[in-house]
Every structure is written in C-alpha cells, then in structure tokens.
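Keep the structure open as you read.

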Amino acid sequence: MNFKKTALASAIALAVGGGSVLAETSTKSGQFILDKTEITAGSQGIVNLALLGLNADDEVDRYGEKEGSVIMAVVTSEKGTVVGGTSHPGRTPEATDNDGKALPYGGAFAAEVKYVRLNQGVGAVHITYDPKVIGTSAITDSITVKLQERIPTDNGGVTFTDIGTEVVKSVVVNPPSIDPKALRIISFIPSPADSFGEASTVSMDVMEGIQGSMMAGVEGGQVTVQAANPNATGGITLTLRSVKGTQEYSFQEDMIDGISIVTLDASVESTGSGMPTGQYYIEATFEGFDGDSIQLIHPDLLTVHSTGEVRKVAVRADRERISKRVNAEQGASVSASVLDQYGNPTTADQDYEIALTDSSAVVSDSAVRLSILKDTSWSKASSADAIYGNTADEVSKIGVASIVGMAVDKQNNPIGAVAESDPMTLKVVSDSLFAKVVSPFNIAQLAGAEFDAFEVTVLDGEGNPRLSDTGTYDPGAVRITNTSTKEDLEVNRSSDGKDIIKGLFKKSTSGDVYLLSDKAGLFAEVKIQAAPITVAAATEVKMRNAHGNVVTSVASKETADEKSYEASIPEIALKMLDSFGNAVTGSPVTKEITGEVRGTTANGKVSYNTPENAYGVPGRTDANSNGDKTDDNIVAKYAMSGATAFAGEDSINLTFTKPGLGSDSLVVSTTVPKLQELGSINTYIETNSIPVNSVVAYTVETLDKDGKLFDKEKTVITVTVNGKDGDDIDPTIRELDTGKIITSGQSVEFASGNGRKVFVVEAGPRTGQFSISFNEAKNAVEEASRTFTVTTPTVIDPTADAKEKCDAAGDRWDSAGGECDVVPISGTEGKASMVDAEGNITEIDTAAIFKSGVGIGDADMVSTTVMSVADMPTDVTFFGSVTFDEADAGQTVDVLAAALFGLAIPIEDISVLYYQLPSAGVVNPWGGDPATLGAYGDPVTIDANELTVSLPVYNGQFNENTLPPGVLLVYYGYRLEDGTVKFGSTPTEVTILP
C-alpha cells in the first residue's frame, strides 16, 4: 500500500458512508437522566445529562444503529450552554464537509441547541450557566430533549424522523457568589507589536509584585486580574497611577468566573515622569467590593518607555533672570533633551547638535551650543560650557531673551524631522542678588525649626553693593527655593542692619542647593550651596501598603500545618512621619531612629519574626546573605481548635517607644475565618431507577457544616459497592475526569480546591439491584449511600463465553445468528508492513496480527470479492481487527482504518480517492498523508492482557445510485507514538463491476 498522497481527496462521499436507504432502527424511545436538578451558577455550576435510547423492551438499545441508522439526541437549554455534540445535525449522510467540519443545516430561533449522536444507545452532555446571564436571583432553566433518526435518502441527502416523545426537564439555577474575596494582579502580557514590551507573571501563592514594561502609545497590552473566589462576576476598574507624578489612566472590564483580562488601549502615552522611562502602580478594584489588589509590601509595577522616535527638542534653564554683568554666579545653566511624539524625554537615536537662537538678540546665538549623543537622554556642552552670562559678549543687552533650540546637522542645517523647541524666556537685568551662607546654615537644620540662613544684598551692574540712606539696598521680600523639594519660602531681611534672612523649611531633603530671587522680579537670581534639611522627630505612624496608601487591616491566613491562622504585620509597612509629613522610616532604618514596636491582642498570641524575637523595628527591611530582602513581621496567631480557638474580627494593638508618638497606639484589625470542617457527603442523581445497559452520571460532593462545598483540604472517601441486602448485580464505576475504574473498598481522593467528583455508572445487561456507598476515611460524617434498581427484563445470552472467545481472536461475532465469523488474516502471520512519518514503507517481522474481511449478504468473511452494480442494493459487512504486538505494550496508539477507491472512470483527472474511517458507518475524505489519518475511535493504551481490538467499520447496503464501478481497498493498522504506522500488508479488496 502506498500511503503517500497521490491525488487530492474528492468532495464526493463514498456511498458506504451513507448507510442504507432502507435503514431502520430498533430504538423506540428515550430516557434522559440528570445528576443534579439544582445548582449554583459559575465554575462549579455544571449539570450532567445522560442520553439513553431505548428499544421496545425499554432497555438501552445497543443495536439501534446496526442497520446504518444514525440516532441523535436533540438537546435544548433556554438559559444554559450545552457542552458536547454539534450545533448542526448534518445535511448529508456523512454530516461533515471535506475538512471534517459539521455542515450547517438551516437555522432555528432557539436558545442553545446541540445534536448528540448516540453510540450503542448511549450519549452524554453537560450544561453550564454563565453567572452574567443568571443575574442576582434564582431562575429555572427548561431543558428539552428528544431523539431523532437521521436517514439517508436515494439522492444523497438525509431525512429526519422523531423517535418517541419530547421530554422537558427543569433545573433551578441559583445566582453565584460574586464577592471576589480578594483581588490579585497575576500577569502583564505586552502587545506582540511592542518592541519594549516585557511580560511579567506571578502565582497567587507567591506574594510578589509583577513588573512588566511597555512602550508609550502601543495598544494591546493585557493585565490579568484574578479573584480568590473562582465564581466572582462583576465590573473591574484597572488604574495605572504614576509613581513619580500625577498621571493616571483608568480602564473598565468585566470579570467572569474569577478572571478579568484588561486590554490597554493606546491612551497610555506618558512615561509618567520627566525621564525616558517611568513607572506606574497597577491597581484593580471590583464594583461593590471594599478592597483592592494592592499588597502590603510588593507593588505591582508597569514601566512605560518613551518610543525612541525623536520628534522635538526641549530646552530649559536653571533660573529665570540673570545679570548683564559677566559673573558665573549669575549665569544661567541651560540643558536640552529630545522628545518623542507624545512629549516624553527619549533616548537619542543618533548624535544631535542643538543650536540655540534668540529671536530678541538679547543673548548671543553662539554663546551656548549643546550636543546630545546617541543612546543618551540629556545634553552636554559642545562649546566651553552651557552657561549664559559667565563670559564676555554672551549677553548683548538688557531685555527678555526668547531662546529656541533646534536640531542641526554637522553643516548647521536644521533636521526637518525634529521640531524646534518651544521658546524659553530668560530675562536679563542690570542688578542682581548676592548671598552668603551664615551660621548655623553651615550644618544640617531640622525640619520645622527657624534659623538664620543667608546674608542677602543687591549688586549693581558693576558688581558693587547698592546702597540706600540706611545702608545696603533692601530687595524686599526674598523667595528661597529648595531646588530638591521645590519648597518655597518668602522672607524679609531683618531690621537689625545685618541683612540676614531666616529659613524655616518643613520638607526634608538630602539636597543642599537653594535658589534666591526677589519677589518683585527686579534682580538676577542667585544659586547658593548650603546644608540640607533633616527629618524631625516622629509624631505619627501609619500602616501603608506597597503603593503608599494608608490601610488599617491585614488578612489572616491559614498556616502550613493547618493548625492556626496568622495575621502578619510587616515592619516595613509601618511608616513613621514627623509633624510635617516627612518620612522618618526610610533607608537605612535602625532601632535608634524609629524605636521599638510591640503588639498585643486579646484573642491570639503575638510573636516576632525579627532578629530580636521580642519586638519589631518600624520601617525596617533586612537583607540576607544573598542580598534578597526578607520582610520581618509582627505575627498574631489564632488557634483553630481547642479552648483558645477564635474566629471573628480582632484588633491588634501596636505600641511604640518613640516619645513623639506619645501613649497612642496603632490599631490593626484582622478577620479570622471560621474553621471549615467536613459536615456531610451528598450524592446527586435524578432517579435511582435506571434502565438495563444505561450509562449515567453520579455526582458526589463533600460539604462543610454550613452546607458549602468543602474544598479546604484533601478528603479521602472510601467507596463501597454492593454492601446492602438484595444487591445482586455488579455495575462498572469510573471517575469521569480520569477514567479510572473504581472497585469496592477503594479510596478516592477529593483534592484540595475541589470538593466535587463525577462518577460514570454503567448498569450492565441484567435487571436487579446494586448500591454505592461513600464513607469519609476517618468516619467523621455519616455515610452517603444510594441503592439503584436496574429495570426491564432482558435475556442473558447463553453464548456469552463463545462471543468473548470470538472477540479475543479478532473475529466477528454475528449476534443475529449467534455464531462466530472467522475473519481472514491480512497478509502472512508474523509479517506486516510499516510506514514512517515521511511515507516510506518497509516489510517488518512482528507479533502484531491484522485481520480484514468483507461479507456479502449471508456469505462468510473473505479477503477479496467481486460484485456488480447491477446486483445492488446488496447487504455488505466490512470488519477488521488488530492484535497489537506485545512489544508495544504501554504505548498509547491510534487504531487506524483507511479505504482507497480506484475509480474505473476518473473524475476530473482524479483516479484514486482516499478515505478515513473514524467509527462504524462513518467515512470521511482523507488526503492520503499518514500523519493526517484520523484514528478509529479513541486512542488506546496497549495492555499486554488485552491485545485485541475490533473495528466493525460498516454493516449496511451498497446502493446502485451512488456507488460507481471501481476497486475498493480497506486497510487496518495502528500508529505508534513516534508516528510510524504498522498495518496489514494485504487489504480487503472489493471489485465493483458495472
């Protein structure tokens, strides 16, 4: 067999895929069984629905499709979403197009409609409910279910016939708990188009902040907000607030099932600072929830970069007025930067020369020239210096200069792509202020304290002191500006003739440069270096979060040993201020600076996770040997059980030793949760009476003592099957999520975070009774048990043993005749063919056995046969089996069935058609590439004890109206995990004559 693609698959469906025009099903009615009839909307709000087709004896009809019929359950939900099946029933016998997609079939004004194909009388769907659709009050959903038979017609279409009667079921859907309980920023993912973008994510279990980055003006970055409650639904507001500045951006988005993904638009244009990059705090709030996403210690940050596109020049000077007299002290220092299209300072993409011109001709155009080098952000002097007024001929006259900076090339030609700066005014006057630092301003001064600061006089245009009748000239009110904090004072000289002005600064700073100017604006300003202003004594203490906001409570969390709750107050979160708002806590922090802090509580026990183990130091953050910061904490611990157990709101009183704080204490509140304990085991299924051969969903939940889902910790449940009087049949029970078979006495773990499990129960072919009981391993709660009655009589097949032997041999069991049809081996036993992923074929020695046969009418199964279109319609059965090579045990493989049809008369130059056979009675076009060949049924993990699988690919009629003359070849095999395929060398061959 050549698996390599030699022709495109045709859209013409192989007639064998359509089934018989005379198809007739033995399915007469349906029974539909829910596991739960009342749920809560949200991630846990799931209803499982078993879809059962019944025969005339009211037993699940295992043979309803044996004559080529397709039985479908049509499921409609008014309020929910039906998960499973397809939205279209199919308008051809194959019900799919060439790409395997379901074809549309008309339309319907309905809620959620799904078509589910039954397999041996059994189907299943589940229904979910969107909390946003449900709203804030309970609703009742109507689920409508009916069965239909899809029957092929002679002209290649289909017709639909209802089976039995339509059934309507009601499910009460309660509104979800929308309270998020807590919010957390868990990731930032930049836009793919963002060249500066860097992603940042963090687990909910790791309490550290995210630190992403993006480019200004680029849309598409996404911030993910997660709630502690997985059902939380509501409106989210995401705010970006600049760390150094006043810029703020706000975005709204919905949260569904505890997750909200907020997409940033192009409005984030500013870096939020006067630098090429700036940082923003990221904060999320939830509508109606008194809380936010901000942590106590670690901030969530987004760095915004300027674009790097140089669009404009900016210039500035360190003062507004200078003297015409040549004097370095009075000269104005000028700097320049380049801006991006949003006005952010940016990094130069090349070397730029900045020419400064004064349209008023007050200062010389050649006095200052600046350059901004590539990959830098700020200018340096290209000439001697960047100061106006400290060299002769730089200042031409008294007046107001209007200075513009322009980017020029080496030939001094303007660079047109870069706009010139806005005009910068610089006033040139005749006289100037002159200042001297006086004691005590030679040393640092305390915030809030008054002191003698400067001796201030006025110099004339020649540099001589100006005099008045009473001595030196009085400049009037003088403004002193701390150039670091920008704090201004207005001070008049003292009247004692010493020309002294005093200082009284309230903002602390490590800077020591001050700008002096007269209030009237008549004289040149002067900059002078003096001492800094230091923080005063602490008079106030607050607990602040990572974004600097005052908070008054901390959350209590369960300890790792699950024996207590802890509320931790980090030392670093305790911020001390002096009476002027200056931070006493900062870096470094020592006990000598901020003193000690201790805590007390009436309902718990306070301990100190600090080096001293007896007290804390407010504002302190120690560093370990790796340089990582470790946050020391004051810890209040609350017992979960015993005589000292506590639940509810508690106050932790913090007291401080610094005298400026007086006897007042800081009160921090915490809420200690009530201990969640297992209260009961509940089981859910709509009815305890189920049909023979039924397959139903059976849901089990562990609940706490308040009736809420108990998912705090792992719970071990023991399953007992048939422990009641009268139990006489053995069901098959498996876990829905794992497929694991559950036997009596087996323990099942309900994992932490999930107090619910769904089991699939198969009743089997006999009537009778069975029971399933659930016990908590420690017998902490009452047993939960149900007894099921399996109804409707059925005849036990006396040839069951013969059938098992037939199946084990890979042969076909004829249920109508009660005998085993021997299927020929494909090729020679011990030999097979193998094709690798590239399509290369080799013959191999193998223990695998491939059987393949065709039966015409009542004839035995054979490898080859000849039939005529003139003799149609004809009953035809195709059957194959695969016995795996035991050497492949443990591998998960795809079982394969494929067909090639060689056309006696090519259609549009296509002579060979390729088909894949995914299940009994279904034939889909295939391109011929082994890598794309779809599996027959689900993947199979090879078990050394069960090596044989059967592939009944077709049992129906060939129709003379749709099947052309040609040669049909059918192959069977399996594909290993590495992509190689083993298959039978000799296919079943059917020659169809005209």
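Is Lys-714 buried, partly exposed or exposed? At 47% relative accessibility, Lys-714 counts as partly exposed. Buried would require under 20%, and exposed over 50%. Bear in mind throughout that this is a predicted model.

Lys-714 has a charged partner. Glu-749 forms a salt bridge with Lys-714, and the closest N and O atoms are 3.6 Å apart. This pair links distant parts of the chain. Glu-749 sits in strand S57 (residues 746-750), while Lys-714 sits in the loop between strand S53 (695-704) and strand S54 (715-721). The two residues are 35 residues apart. Glu-749 is also partly exposed, at 46% relative accessibility.

Now turn to another charged pair. A search of the whole structure finds 39 salt bridges. One of them joins the side chains of Glu-571 and Arg-620, at 3.0 Å from N to O. Glu-571 lies in the loop between strand S42 (564-570) and strand S43 (574-578). Arg-620 lies in the loop between strand S45 (605-609) and strand S46 (622-623). The pair therefore ties together parts that are 49 residues apart in sequence. Glu-571 is buried, at 0% relative accessibility. Arg-620 is buried too, with a relative accessible area of 9%. Both values fall under the 20% limit for a buried residue.

Glu-612 forms a salt bridge with Arg-620, with the closest N and O atoms 2.9 Å apart. Glu-612 counts as partly exposed, at 29% relative accessibility. Shared partners extend the picture.

Next comes a covalent link. How many disulfides does the structure hold? It holds 1 disulfide. Cys-806 is joined to Cys-820, with an S to S distance of 2.1 Å. The torsion about the S-S bond is about 75°, so the disulfide is right-handed. Cys-806 belongs to helix H3 (residues 800-808), and Cys-820 belongs to strand S62 (residues 819-821). The cysteines are 14 residues apart. Cys-806 is buried, with a relative accessible area of 3%. Cys-820 counts as partly exposed, at 33% relative accessibility.

Two buried polar residues deserve a look. Start with Asp-885. Asp-885 is found in the loop between S67 and S68. Its relative accessible area is 11%, and Asp-885 is buried. What does the side chain of Asp-885 make a polar contact with? The partner is the side chain of Thr-846, at 3.0 Å. A polar atom of the Asp-885 side chain also lies 3.0 Å from the backbone nitrogen of Ala-887. Leaving out residues up to four places away in sequence, Asp-885 touches Thr-846, Ala-847, Ala-848, Tyr-974 and Lys-982.

The other is Gln-445, in strand S30 (residues 445-446). Gln-445 is buried, with a relative accessible area of 11%. A polar atom of the Gln-445 side chain lies 2.8 Å from the backbone oxygen of Pro-440. Beyond its neighbours within four places in sequence, Gln-445 is in contact with Pro-440, Phe-451, Pro-532, Ile-533 and Thr-534.

The nonpolar cores come next. The largest has 39 residues, and Phe-878 and Phe-958 have the most contacts inside it. The elements that give two or more residues to this core are strands S65 (849-856), S67 (874-883), S68 (892-907), S69 (910-919), S72 (948-958), S73 (966-975) and S75 (988-993). S68 gives the most, with 6 residues. A second, separate core has 35 residues, including Tyr-698, Val-721, Ile-729 and Phe-774.

Finish with a sheet. An open sheet of 6 strands runs in the order S20-S28-S27-S23-S24-S25, and its pairing is mixed. Strand S24 (residues 369-372) pairs with S25 in the antiparallel sense, over 2 bridges. There, Leu-370 stands opposite Ala-381 in S25.

Key
Residues are numbered from 1 along each chain as its sequence is written. This is a predicted model: local features need pLDDT of at least 70, side-chain atom pairs count only at pLDDT 80 or more; totals for chains, interfaces and linings use all residues. Side-chain values use heavy atoms; hydrogens and water are left out. A nonpolar core is a set of buried Ala, Val, Leu, Ile, Met, Phe, Trp, Tyr and Cys residues joined through side-chain atoms within 4.5 Å. Buried means under 20% relative accessible area, exposed over 50%, partly exposed in between (1.4 Å probe, protein chains only). Helices (H or I, at least four residues) and strands (E, at least two) are DSSP runs, numbered from the N terminus. Two strands pair if DSSP finds at least two bridges between them. A polar contact is a pair of N or O atoms within 3.5 Å; within protein, one must be able to donate a hydrogen and the other to accept it, and residues adjacent in sequence count only if both atoms are side-chain atoms. Contact means heavy atoms within 4.5 Å. A salt bridge is a side-chain nitrogen of Lys or Arg within 4 Å of a carboxyl oxygen of Asp or Glu. A disulfide is a pair of cysteine sulfur atoms within 2.5 Å.
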